[in-house]
Amino acid sequence: AMSAFGHSMIRVVVCSPQRQTVGPECLKDLDSHLVLSYRAFVGTPQINGWAGLTGQYSSRLFFIPFPQIISEYTVDQLRDLQSVPLAFSREEIRAFLEKSVESHWSYKNNYYFLSNNCAVEVANLIKSSLLRSELLNLRTQTPKGLLDDLQLHGFVSNEVNFKDLND
């Protein structure tokens, strides 16, 4: 049931070590890309829905190879993936990645499926690393809500045609 709500995560495009220069061709280096994903740290093979609703799991930021995410979502869980480029400046990318590493090592909070979930955590990470005033009122609770808010505030690259995403 939890899968029906979707999941918010950030894909970081990383160039293959064999590339001499950074450029659009790095988008093809899927094996080098990383995904930053806030998840409930369950610690057992079985997820307890009640524990997820009542904050009995800790929330952690995981750095996961992109091919693993593709397999996990599209093969194991039969879920769709959408990749939406964000419109961050080079300085914002640097600040976001620095804050992400800091969060990975030091962040401690509880995961609540309805109120402190992946979408809330990603929104908070973006807000705390970019420090833009238009983000202050971001109060999203769902992955769809986060995408809508980021689009509304101009954080989604204009390369995206949202009509195509809904087809």
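Predicted model: local features only at pLDDT ≥ 70, side-chain atom pairs only at ≥ 80, totals over all residues.
In general, the strands of a sheet pair through backbone hydrogen bonds, either parallel or antiparallel. Here β1 and β2 run antiparallel and are joined by three bridges. Arg-11 stands opposite Val-35 of β2. Val-35 also has a bridge partner in β3, namely Ile-64. Between β2 and β3 the pairing is antiparallel and extends over eight bridges. The step from β3 to β4 is antiparallel too, with three bridges. There, Ser-58 faces Asn-110 in β4.

The next element to look at is helix α4. This helix covers residues 118–130, and its 13 residues, at 1.5 Å a residue, should span 18 Å; the C-alpha atoms at its ends are 18 Å apart, which agrees with that expectation. At the start of α4, a side-chain oxygen of Asn-117 comes to within 3.1 Å of the backbone nitrogen of Ala-119. After the helix comes Leu-131, which has a positive phi, near 50 degrees.

How enclosed is α4 by the rest of the structure? Of its 13 residues, 10 are buried, so α4 is largely enclosed. The buried residues include Cys-118, Ala-119, Val-120, Glu-121 and Val-122 toward one end of the list, and Ile-126, Ser-129 and Leu-130 toward the other. Ala-123 and Leu-125 are buried as well. What do these buried residues pack against? Their partners are the strands β1 (10–12), β2 (34–41), β3 (57–65) and β4 (109–111), together with the helices α3 (90–106) and α5 (143–152).

Over the whole structure, a search finds four aromatic pairs. One of them joins Tyr-38 and Tyr-107, whose ring centres are 5.8 Å apart with 75 degrees between the planes, an edge-to-face arrangement. Tyr-38 is in strand β2 and Tyr-107 is in the loop between α3 and β4, so this pair ties together parts that lie 69 residues apart in sequence. The two tyrosines can also be described by their accessibility. Tyr-38 has a relative accessible area of 3% and is therefore buried, whereas Tyr-107, at 26%, counts as partly exposed.

Another pair is made by Phe-88 and Phe-155. Their ring centres are 6.3 Å apart and their planes stand at 85 degrees, so this pair is edge-to-face. Phe-88 belongs to the loop between α2 and α3, and Phe-155 to the loop between α5 and α6 (162–166), so the pair connects parts that are 67 residues apart in sequence. Phe-88 and Phe-155 are both buried. Ring pairs also bring in Phe-96, so that Phe-88, Phe-96 and Phe-155 are linked into a cluster.

The loop between α5 and α6 also holds Ser-157. Is Ser-157 buried or exposed? Its relative accessible area is 11%, which is under the 20% limit, so Ser-157 is buried. When neighbours within four places in sequence are left aside, Ser-157 is in contact with Pro-85, Leu-86 and Ala-87.

Definitions and conventions: Residues numbered from 1 in each chain as written. Heavy atoms only, no water. Helix = DSSP H or I, 4+ residues; strand = E, 2+ residues; numbered from the N terminus. Expected span 1.5 Å × (residues − 1). Buried < 20%, exposed > 50% of the residue type's maximum accessible area, 1.4 Å probe, protein only. Contact = heavy atoms within 4.5 Å. Polar contact = N/O pair within 3.5 Å; in protein donor to acceptor, adjacent residues only side chain to side chain. Pairing = 2+ DSSP bridges. Phe/Tyr/Trp six-rings, centres within 6.5 Å; stacked < 30°, edge-to-face > 60°.
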